[in-house]
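Please look through the sequence and the model below before reading on. The paragraphs that follow go from one part of the chain to the next.

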Amino acid sequence: MDDSSIPLPEGQGITNDTAGNTADNNATNGSDTFVLPGDFIGTTEEFRAGAQTYEKTGGVYAAITGTVRVNTARRLVSVIPCTDTPPVLERGDVVIGQIVGLRDSLAMVTIAGAKGVVDREIPNVGSAVVHVSNVKRAYVKDIAHEFGIFDILKAKIIDLNNMRLDTSEPEMGVMKALCSNCRTAMVRHDSKLKCPECGRIETRKLATGYGTGII
Ligand SMILES: [Zn+2]
């Protein structure tokens, strides 16, 4: 039998520790693999499309924003939504969001989900900001060198009232970025990003987990 590793959107492997440590009577494996609508989850040879996924040309894709859940016994893959039940966020929580705007000293972020707090209930959390002073530990001359529109960001909440986020820790920062020239997902190239399609080089405040899809 194959193992139950989960192919990631970027085509990289995930560690296999979910396979061995689940309870015997529970065949459903959770993971921290975070997906956006349209992200590739696996092939139809590996998985059947479950809740909040769809099949297209031999692949299973995420229909919503959320985390991947695999039922290994039934080979069924589904996506558990983060956005349907916005959690009660607390200071120090780690959130995933998308950059929707850049100004001189601020990046505007729409929060898509929070790590590890999906069971908490509710109010509406929408947007947040990263101030230029909270981007990284070094001085930031131009925030546009650190973030790009549509980037997926992992950040820590430092101020709940004003919904201010911080990305200065190594594991915080940009998790996924699209080429500003051709919209292809960029890959890490030394300390920068390179577009595999057109070769464009861009800079970001990268999270250590860039491109892994693991939050
Ligand atoms: Zn490109």
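Two bridges join strand E3, residues 48-49, to strand E7, residues 76-81, and the pairing is parallel. Within this part, Ala 49 has Val 77 of E7 opposite it. The model is a predicted one, and the pairings described here are read from it.

E7 also pairs with strand E6, which covers residues 66-71; here the sense is antiparallel and there are six bridges. Gly 66 faces Pro 81 of E7, standing opposite it. E6 and E7 form a hairpin with four residues between the strands. In that hairpin Arg 75 has a positive phi, near 55 degrees.

Is Val 35 buried or exposed? Val 35 counts as buried because 22 C-beta neighbours lie inside 10 Å, and the cut-off for a buried residue is 20 or more. Val 35 and Val 79 are 44 residues apart along the chain, and 8.0 Å separates their C-alpha atoms.

Further along is an open sheet of three strands, in the order E14-E15-E16, with antiparallel pairing. Its edge strands are E14 (187-189) and E16 (201-202), each of which pairs on one side only. Strand E15 takes in residues 192-194, and three bridges connect E15 with E14 in the antiparallel sense. Which residue of E15 stands opposite Val 187? The residue opposite Val 187 is Lys 194.

Definitions and conventions: Residues are numbered from 1 along each chain as its sequence is written. This is a predicted model: local features need pLDDT of at least 70, side-chain atom pairs count only at pLDDT 80 or more; totals for chains, interfaces and linings use all residues. A residue is buried if 20 or more other C-beta atoms lie within 10 Å of its own, exposed if 12 or fewer, and partly exposed in between; C-beta atoms are placed from the backbone. Two strands pair if DSSP finds at least two bridges between them.
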